[in-house]
Amino acid sequence: MTMDSQEKATEMTLPVENLDNKEESARKQYATKKEVVERVKELAHGEDIPQKEEVDYLKTVFYKLHTAEREATLKAFIEGGGDPETYQITPDEDEEVFKAEMGLIRERRAQYLKEQELEKEANLQRKLEIIEKIKAMLTTPEEANQSYQDFKALQQEWKEIKNVPAANASELWRNYQLYVEQFYDLLKLNNEAREYDFKKNLETKTKLCEAAETLAELDDCISAFRQLQELHTKYRETGPVAKEFREEIWQRFKAASTIINKRHQQHFEELRAREEENLQKKTELCEKIEAINTREMKGSADWDNATKEIIAIQAEWKNIGFAPQKMNVKIFERFRASCDSFFARKTEYFRDLKQGYKENAEKKRALIARANELKDNTDWKNTANLFLELQKEWKTIGPVPKKQGDQLWEEFLAACNSFFEARKAATSGQRNEEHANLSQKKALIAQLQALIENPAENLQEEVQKIVEQYGKIGHVPYKEKDKLYEAYHAALDKLYKELNVNVAKRRLDNFKSRIKNVADQGGTLDSERARLMRQYETVKQEVKTYENNLGFLNASSKKGNSLIDEMNRKMQKLKDELALLKEKIKAIDAN
């Protein structure tokens with residue numbers, strides 16, 4: 001084998017530890033988290049050092065099952081009649097055990113890798129020593145012949161030494177092969193022994209070529225590639241062949257290796273493409289959940305809709321295959337963190353909402369207690385106002401869960417209805433009496449209005465009789481009170497005006513006749529005039545008093561307005577009396 005061909009062989013092969021080892025079909029399938037945990041325990045406490053590929057795979061499978069289990073638990077909770085708003089994520093004992101055992105595995109692997117590096121350094125030094133020993137044998141053909149058995153022993157020792165640091169592997173192998181070939185070139189064995197070695201090596205390498213060509217036909221390119229690495233190791237460890245066959249046998253082995261390497265490379269290029277596509281899909285799902293986490297939730301309906309979106313995204317996630325190995329765990333941790341963040345925020349929201357419900361329920365119970373205290377009170381008017389205030393306050397209290405809210409409302413409504421039904425029962429007789437009084441008073445007002453149209457001879461007696469009857473009648477319905485009052489006094493005002501005119505005229509005529517008789521008989525009217533003047537001043541003063549009092553009254557209410565009307569009527573009577581006195585004084589002065 002030439003130096004160039006040997007270097008190419010080294011470049012074409014890959015160390016076994018650098019393989020991706022991602023073929024899912026070759027991995028054990030786990031149905032439950034406990035199965036995964038049991039395998040992790042075996043790795044953590046077993047004698048063999050856990051392989052990174054299997055550890056990463058177990059981590060991915062565990063959290064995939066963990067997420068599926070959470071979703072199934074939530075779904076079962078909802079289907080069992082549970083309210084998704086009150087769902088609480090409980091701690092997972094399996095996850096805690098898994099994390100603890102994975103911590104032990106990390107520690108073991110770190111220690112193992114440290115020991116491996118130390119061992120590789122020791123192996124490097126041993127192989128460098130072997131190369132130096134072979135170099136020392138490269139003096140003369142005679143010495144090469146004499147040291148042949150030592151040379152074979154060094155070759156065997158080289159084969160038994162395992163891995164060296166990757167940075168030194170290629171150069172170390174090139175130097176070793178260089179000095180081995182130089183030794184064989186110097187070797188002056190007898191032709192029979194020399195040819196026998198070359199022949200046996202050629203047979204071995206031919207079989208390796210045939211094995212490689214058979215591997216090229218395998219459908220399982222992963223297995224073929226793995227077995228090819230073993231063939232390459234054997235090829236390198238097999239001694240040289242005759243110079244005329246060296247290039248030919250290498251080219252045959254190389255051609256078979258190229259086919260397997262290309263199929264292997266193409267397989268992983270396609271796998272990486274699919275995994276990159278899966279990574280892109282999973283990244284988009286992460287972004288969707290992260291966007292939901294930034295959304296403002298204004299109420300329970302928003303949280304419910306968002307939960308449905310999250311569950312749909314989680315279902316979509318489960319249908320997507322693996323991402324690239326370096327990103328598979330990271331993208332899953334990002335996805336899980338986003339989901340956990342959402343459900344943690346949801347739990348906090350409904351915990352606060354539940355506390356608000358509790359406070360609102362306590363406020364409503366306080367109103368129910370107050371309503372129950374008032375429901376038997378017979379102070380109908382004031383208690384009714386208090387109940388109206390309680391009902392207004394009830395409307396200002398926030399919501400409670402529907403079932404509880406309906407029950408509280410029924411209790412509150414029962415207390416309210418109890419009071420108002422009792423009031424209705426107690427006041428129904430009173431209302432009948434008030435309506436009867438209303439009918440009687442309307443009939444008397446009709447009589448007054450008839451007297452206005454057709455005044456009777458004894459008008460004053462008739463009016464006085466009706467007024468006495470009206471005053472004896474009790475209360476009327478509150479809504480009719482003011483209307484009835486206005487109609488009654490309007491009729492009286494018209495009748496009193498008519499009565500005052502007639503009575504005043506008769507009184508003045510009688511007074512004039514009386515003083516004329518006194519004057520005709522030679523009597524004096526000075527004392528009568530003085531009495532009238534005193535009475536005039538007294539009435540005049542009363543009119544002023546009424547006028548002053550009217551200035552202080554407020555007519556903004558119906559009650560105040562009625563009082564003003566009554567005072568105006570009395571003051572008008574005084575003014576009429578004042579006018580009559582004035583006419584009497586004039587009559588005396590005219591005689």
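Figure 1. At 1.5 Å a residue, the 45 residues of helix 4 (residues 93–137) should span 66 Å, and the end C-alpha atoms of helix 4 are 66 Å apart, which agrees. The expected span used here is 1.5 Å times one less than the number of residues in the helix. Helices (H or I, at least four residues) and strands (E, at least two) are DSSP runs, numbered from the N terminus. What caps the N-terminal end of helix 4? Asp-92 does, with a side-chain oxygen 2.9 Å from the backbone nitrogen of Asp-94.

Before the next views, a word on the model. This is a predicted model, in which local features need pLDDT of at least 70 and side-chain atom pairs count only at pLDDT 80 or more, while totals for chains, interfaces and linings use all residues. Residues are numbered from 1 along each chain as its sequence is written, and side-chain values use heavy atoms, with hydrogens and water left out.

**Figure 2. The whole chain at a glance.** The chain has 18 helices and zero strands. Of its 591 residues, 36% are buried; buried means under 20% relative accessible area, exposed over 50%, and partly exposed in between (1.4 Å probe, protein chains only). A contact means heavy atoms within 4.5 Å. Take the contacts between residues at least 6 apart in sequence: 80% of them join residues at least 24 apart.

Figure 3. Helix 3 (52–79) and helix 12 (325–374) each supply at least two lining residues. Helix 12 gives the most, with five. Look for Thr-67, Tyr-87, Gln-314 and Phe-335, which are among the residues that line the largest cavity. The lining divides into six nonpolar, two polar and four charged residues. Here Ala, Val, Leu, Ile, Met, Phe, Trp, Tyr, Cys and Pro count as nonpolar, Asp, Glu, Lys and Arg as charged, and the others, Gly among them, as polar.

Figure 4. Asn-293 is in helix 10 (residues 243–294), and Asn-293 is buried, with a relative accessible area of 16%. Not counting residues up to four places away in sequence, Asn-293 touches Ser-338, Ser-341, Phe-342 and Arg-345. Ile-310 sits in helix 11 (residues 300–318). Is Ile-310 buried or exposed? Ile-310 counts as buried, because its relative accessibility is 0%. Leaving aside neighbours within four places in sequence, Ile-310 is in contact with Ile-289, Ile-292, Phe-342 and Phe-343. Although Ile-310 and Ser-338 are 28 residues apart along the chain, their C-alpha atoms are separated by 9.9 Å.

**Figure 5. Gly-299 in a loop.** Gly-299 lies in the loop between helix 10 and helix 11. Gly-299 is buried, with a relative accessible area of 16%. Which distance separates the C-alpha atoms of Gly-299 and Leu-353, 54 residues apart along the chain? The separation is 9.5 Å.

**Figure 6. Asn-360 and its contacts.** Asn-360 belongs to helix 12 and is buried, with a relative accessible area of 13%. Setting aside residues up to four places away in sequence, Asn-360 touches Ile-397, Gly-398, Pro-399 and Val-400.

**Figure 7. Tyr-536 in helix 17.** You can find Tyr-536 in helix 17 (residues 526–552). Tyr-536 counts as buried at 16% relative accessibility. Apart from neighbours within four places in sequence, Tyr-536 is in contact with Leu-578, Leu-581, Lys-582 and Ile-585.

Note on methods. Polar contact = N/O pair within 3.5 Å; in protein donor to acceptor, adjacent residues only side chain to side chain. 1 Å grid on protein atoms, 1.4 Å probe; cavity = no way out; pocket = protein on both sides within 12 Å on 5 of 7 lines; lining within 4 Å.
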